[in-house]
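Here is a short report on one protein model. Keep the sequence and the 3D view open while reading.

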Amino acid sequence: MMDTNHPAGVLAPDGRPLAADRDSAAAGGDGTETGPTPAWDVAAIRARFPILSREVNGHPLVYLDSAASSQQPLRVQDRVERYLRMQHANVHRGVHQLSAEATEAYEDARLAVAAHAGTPDPSEIVFTRGTTEAVNLVASSWGGAFVGPDDDIVLTKMEHHSNLVPWQLLAARTGCGLHFVDVTAEGRLDLDDLDRLLKRRPRLVAFTHVSNSLGTINPVREIVARAHAAGALALVDGAQAAPHLLTDVTRLGCDFYAFSGHKMCGPTGVGALWARRELLEAMPPYQGGGEMISEVTLEGSSWAKPPAKFEAGTPNISGVVGFGEAARFLADLGREALASHEDALTRYALGQLGAIEGLRLYGPRRGRTSVFSFTYGDVHPHDLSTILDQRGIAIRAGHHCNQPLMDHYGIAGTARASFYLYNSAEEIDALCDGLAMAAEVFHGIS
Ligand code: PMP
C-alpha cells in the first residue's frame with residue numbers, strides 16, 4: 001500500500017517544485033521523504049464520477065487510461081444536460097432570450113478556460129476541437145503567413161503526431177525545414193541538441209509540455225527563454241499538462257499553448273488554443289464562414305476581432321459549456337492538491353512497478369507525471385492489455401501516436417498505464433496483481 005505519509009510534491013508548470021513545496025519533485029521516487037500528504041478523499045472524489053462505479057468483465061472498473069481520455073464527473077454531465085435541455089440556441093447571432101443565455105454560457109466557459117490556462121485576457125482563448133486542431137490552426141494560419149522555404153522549425157523526437165504531422169504538412173506546402181531535438185536515454189529532451197538547432201535561427205520551437213508516453217515534464221520556461229533568445233516563437237502542446245499541472249501561460253512565457261477538454265474531465269471534441277493577443281491579431285483566419293467576419297461583400301470580407309476570427313461556423317456549444325465546467329471542477333478541487341495526489345501516486349507506482357522483474361519502465365524517475373509506459377519481457381503490449389482487461393483493468397497499448405519516439409527506443413510500442421485524480425494506490429496494486437497473472441499466463445517473463 002501507498003505510504004500516505006509520503007509527501008506530495010506540487011509541481012509548477014515547468015515541472016519545478018513550487019517554492020512552498022520544498023524540493024520534493026527533485027527528490028521524487030526515492031521514497032525517502034517524510035511529511036504529510038494533503039487530504040485527498042479518493043472515495044469521495046470517485047463517487048462523483050458515475051462510470052467509476054461500474055464493472056467490466058465482472059470486476060470493478062480500474063480505469064488507467066486517462067492520458068487517452070479522462071472520465072467526466074456528474075457535475076460536468078449535469079451542466080451539459082442543463083444547457084441542452086433549457087438553454088440551447090445558436091450563439092452570438094440571435095437577439096432572443098435563449099440565444100442570449102446560450103451566448104452567456106459559452107462566453108462564461110471561456111472565462112473558466114482562460115483562468116485554467118492562466119491568462120487574464122479571455123479573448124486570447126480560441127475554442128477548437130482539441131489540441132490537434134489548435135496546432136493545425138497555428139501551422140495553417142501563422143505558418144502559412146510567416147514561414148517560407150528558407151525558414152526552419154524545431155520540433156522534438158518526443159512529439160505526439162498532433163504536434164508533428166501539421167508541421168510536416170506545412171513543410172510540404174512551404175518547403176521549410178523541420179529539425180528534431182534529441183531525447184536522452186533517460187527520456188528527457190537533450191537541451192544541448194536544442195542549442196545546436198537554435199543556431200539555425202528557426203522561426204518556431206514547438207514541443208510538448210509533458211510527454212504522453214514518458215511522462216517527462218519538459219522545462220518549458222527554460223526552452224521558451226532559449227527559443228526567444230534565438231529569435232524563435234514557442235508553441236507548447238499542453239494536452240498532457242493542462243489536466244495535471246498548474247498551467248500558467250503568463251509564467252511559462254510561451255507564445256502558443258494548446259490543450260484538450262476530454263483529458264481534463266471535460267467532453268470530447270473541444271479544446272483551446274491560447275495565443276498572445278498580438279499574434280492572434282496578426283494571424284490570418286484559419287477557416288472562413290459565419291461568425292468570423294466583420295463585413296462581407298461579393299468582392300471580399302473583413303475579419304472579426306480574435307477570438308471570433310478563428311471560430312468560423314457554429315461551434316460545439318454544449319462541448320464548450322462542459323469544458324468550462326470541467327475547468328471549474330478542477331479549480332474547485334484545488335489544482336495544487338490534485339498535483340500532490342498525483343505526485344504521491346507517481347512515487348508509489350514507480351516503487352511498485354519498478355520492483356517487478358522483467359518490467360522495463362520508460363521515462364525519467366523525477367520531474368514526471370503519472371503516465372507510465374512499460375514493456376514486460378517479450379509479451380506483446382496488446383496481449384498484456386487484453387489480459388488486464390479481463391480483470392476490469394483498462395490500460396493503453398500501442399505506439400501512443402509517438403511512432404518516432406518508439407523508433408528512438410527501437411520498439412514497436414508499449415503498454416501504458418496513466419493515473420488521474422480519481423485513481424488510488426489500490427488500483428496500482430490491482431495493476432501489479434494483473435501483471436503477475438499475465439506472467440503466469442505466459443509461463444514466466446523472459
Ligand atoms: N498531444 C499530446 C501530448 C497528446 O497526448 C494528445 C492526445 N493523445 C494530443 C496532443 C492530441 O489531443 P486531441 O486528440 O485531444 O486533439
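## A glycine in a loop

Where does Gly377 lie? Gly377 sits in a loop, with S14 on one side and helix H13 (381-389) on the other. The model is a predicted one.

In sequence, Gly377 and Gly444 are 67 residues apart. In space, their C-alpha atoms are 8.8 Å apart.

## Strand S17 and its partners

S14 covers residues 371-376. This strand pairs with S17 in the antiparallel sense, over four bridges. Phe374 is found opposite Ala415 of S17.

S17 has another antiparallel partner in S16 (residues 396-398). Three bridges join S16 and S17. Here two arginines face each other across the strands: Arg396 stands opposite Arg416 in S17.

## How covered is S17?

S17 runs over residues 414-418 and is mostly covered. Five of its five residues are buried.

Which residues of S17 point one way, and which the other? Thr414, Arg416 and Ser418 point one way. Ala415 and Ala417 point the other way. Side chains in a regular strand alternate between the two faces of the sheet. In S17, the residues pointing either way are all buried. That includes Arg416, the residue opposite Arg396.

## The whole protein

How many helices and strands does the protein have? The count is 15 helices and 17 strands. Of the 446 residues, 58% count as buried. Taking contacts with a separation of 6 or more, 72% are between residues 24 or more positions apart.

The radius of gyration is 22 Å. A compact globule of 446 residues would have a value near 22 Å, so the protein agrees with that expectation. Along the principal axes, the C-alpha atoms fill a box of roughly 75 × 55 × 40 Å.

## Surface and charge

The accessible surface of the protein is about 17,700 Å². Carbon and sulfur atoms contribute 52% of that area.

The protein carries 38 positive and 53 negative charges.

Key:
Residues are numbered from 1 along each chain as its sequence is written. This is a predicted model: local features need pLDDT of at least 70, side-chain atom pairs count only at pLDDT 80 or more; totals for chains, interfaces and linings use all residues. Side-chain values use heavy atoms; hydrogens and water are left out. Buried means under 20% relative accessible area, exposed over 50%, partly exposed in between (1.4 Å probe, protein chains only). Two strands pair if DSSP finds at least two bridges between them. The radius of gyration is taken over C-alpha atoms; the globule rule is 2.2 Å times the number of residues to the power 0.38. Contact means heavy atoms within 4.5 Å. Accessible areas come from the Shrake-Rupley method with a 1.4 Å probe; for residues, only the protein chains shown count as cover. Lys and Arg count as positive and Asp and Glu as negative; His and the chain ends are not counted. The place of a charge is taken as NZ of Lys, CZ of Arg, CG of Asp or CD of Glu.
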